Amino acid sequence: MSELAIFGGPKAVTKDPGDMFTWPIITREDEEAVLDVLRRGAMSGTDVTKEFEKEFAQWQGLDLALGFSTGTAAIQSAMFGCKVGVGDEIICPTVTYWASGLQAYSLGATVAFANVDKDTLCIDPTDIEHRIGPRTKAIVVVHYTGHPCDMDSIMKIAKKHNIKVLEDVSHAQGGMYKGKMLGTFGDVAAMSLMSGKSFAIGEAGILATNDKEIYERAIAFGHYSRYHANEFETEDLKPHEGLPMGGYKYRMHQMSSAVGRVQLKYYNDRIIEIRKGMNYFWDLLEGVPGIKAHRVDESTGSTMGGWYAPKGLYRPDELEGLSVTRFCEAVRAEGVETSPGCNLALHTHSLFQTVDVYGHGKPTRIANSSRDVREMDKNLAQSEEIGALSYSIPWFKLFKPEHIEEYAAAFKKVALNYKELLKDDIGNPTELGGWHFFQHTAAK
């Protein structure tokens, strides 16, 4: 009889994980901070948020930070801060959550997509430069599921073409690239801080930068109550104070910023614990055929931050073509929550091809463009295949070796017995993953 659980064998995972997957870690200190806001009736104020912004900027190693209601709002405001407007283009990886680039539409701009690298799952620096056009304003880089982008190469390209770099750090708060914190390389960083992220404070986002003009433009765009001419240095913004230039109200809720102040105090220590667990998991699987770690070499000074929504890399050619779908099915039978794929390539969705959102009489993606950026999508086949080369892995919040060993054993067991799965393998479906692929569930 087969040892694989899918064929009736014993499961590899038998222990109760307890609180190993509980996140965020909420203590009495978090609760008291929120209760203080509630008792004072300060939910819609800015006093707590401004303190959180100062502390976050200092932690990030930048001069300025600005809190937002969501990460989506923070990224949109960062685009506005970089003067992305009608007819302009941004370059964005096609494999990412939609909020890394879709907001360009609301600014009258469009998105030119770039491929992602099959090993890093981040934007491929070699696929950026030929997508730059005369109206390209910014490159949006996403440190996907915590993996740092190749910032040396990206910044070199941006400097050469005099375009801005916006770092989406939603997956990688506290991560490092060659000894320097992610979010400090580009002109501006923006990120989600919602409750599913590794830096989780509620439904919130934040922008951080050293550029005063980008910061002030972001305030003017969606923070009307903080738009005061006498506090601004950007001359062309001063005459228009008092009303939000974007027509948006993006203030961070102070229950979130109160939690943020507490979480920030403990975040560095907590992600060290996460890194220990995640690296131990991958160390146990070193050399197992068909599966490869999606992580960095920490000896270079780079880290994965809090390892948000971690992935594994799948190499079917090492397992005689076994589909990642069948592989994950067998791993799930061993007692591990896993699923094949990642975010679907955005350029394949109708919203980036045919949909007319605002009634322009043509697809919104080319409504204000001097060129049809959809023509470049035909060179994105590399990204369309990423789903078949990736899968989710457990996100360990605590370093509990005896538990982690069971989860690693499940993946190893399936990989080493792959031949038994080949005969019933019907292959992968047409699409692997989803448009909003990350599962944000409450702690159990």
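Q: How many positive and negative side chains does the protein chain have, and how far apart are the centres of the two sets?
A: The chain has 48 positive and 59 negative side chains. The centres of the two sets lie 2 Å apart. Keep in mind that this is a predicted model.

Q: Okay. How many helices and strands?
A: There are 10 helices and 14 strands in the protein chain.

Q: What's the radius of gyration, and what does the globule rule give?
A: The radius of gyration is 22 Å, close to the 22 Å that the globule rule gives for 444 residues, so the chain is as compact as a globular protein of that length.

Q: What box do the C-alpha atoms fill?
A: Roughly 80 × 55 × 40 Å, taken along the principal axes.

Q: What share of the residues counts as buried?
A: Of the 444 residues, 56% count as buried.

Q: And the exposed area? What part of it comes from carbon and sulfur atoms?
A: The protein chain exposes about 18000 Å². Carbon and sulfur atoms supply 51% of that area.

Q: Contacts next. Of those between residues at least 6 apart in sequence, what share joins residues at least 24 apart?
A: That share is 73% in the protein chain.

Q: On to the core. Which residues touch the most other members of the largest nonpolar core?
A: F56, I123 and F199 do. That core has 92 residues.

Q: What is F199 in contact with, leaving aside neighbours within four places in sequence?
A: F199 is in contact with F52, F56, W59, Q173, L193, M194, G260, Q263, L264 and Y267. There is also a second, separate core of 42 residues, and L4, M278, I291 and L421 are among its members.

Q: New topic: A73. Where is it found?
A: A73 is in helix α3, residues 71-81.

Q: Why does A73 count as buried?
A: Because its relative accessibility is 3%, and buried means under 20%.

Q: What does A73 contact, leaving aside neighbours within four places?
A: A73 is in contact with F68 and Y250. As for L207, it is 134 residues from A73 along the chain, and their C-alpha atoms are separated by 9.4 Å.

Q: Where is T184?
A: T184 is in the loop between β7 (180-181) and β8 (188-192).

Q: Is T184 buried or exposed?
A: T184 is buried, with a relative accessible area of 12%. Not counting residues up to four places away in sequence, T184 touches Q60, L62 and E167.

Q: Backbone geometry now. Which residues does a cis peptide bond join?
A: W23 and P24, with omega about -5°. P24 lies in the segment before α1 (28-40).

Q: What is phi of K83 near?
A: Phi of K83 is near 65°, a positive value in a residue other than glycine. K83 is found in the loop between α3 and β2 (89-93). At 40% relative accessibility, K83 counts as partly exposed.

Q: And N162? What is its phi near?
A: Near 55°, again a positive value in a residue other than glycine. N162 sits in the loop between α4 (151-161) and β5 (164-168).

Q: Is N162 buried or exposed?
A: N162 is exposed, with a relative accessible area of 72%.

Q: Let's do α7. Which of its residues are buried?
A: In α7, residues 324-333, the buried ones are V324, R326, F327, C328, A330 and V331.

Q: What covers the buried residues of α7?
A: The cover includes β10 (291-293), β11 (311-314), β13 (390-392), α9 (401-416) and α10 (419-422). Just after α7, G335 takes a positive phi of about 105°.

Q: Last one: E273. Which helix does it lie in?
A: E273 lies in helix α6, residues 254-284. At 24% relative accessibility, E273 counts as partly exposed.

Q: What is E273 in contact with, leaving aside neighbours within four places in sequence?
A: K397, L398 and F399 are in contact with E273.

Q: How far apart are E273 and F399 in sequence and in space?
A: They are 126 residues apart in sequence and 6.0 Å apart in space, C-alpha to C-alpha.

Notes:
Residues numbered from 1 in each chain as written. Predicted model: local features only at pLDDT ≥ 70, side-chain atom pairs only at ≥ 80, totals over all residues. Heavy atoms only, no water. Helix = DSSP H or I, 4+ residues; strand = E, 2+ residues; numbered from the N terminus. Rg over C-alpha atoms; globule rule 2.2 N^0.38 Å. Buried < 20%, exposed > 50% of the residue type's maximum accessible area, 1.4 Å probe, protein only. Contact = heavy atoms within 4.5 Å. Areas by Shrake-Rupley, 256 points an atom, 1.4 Å probe, with all protein chains shown as cover. Lys, Arg positive; Asp, Glu negative; His and termini not counted. Charge placed at Lys NZ, Arg CZ, Asp CG, Glu CD. Core = buried A, V, L, I, M, F, W, Y, C linked by side-chain atoms within 4.5 Å.
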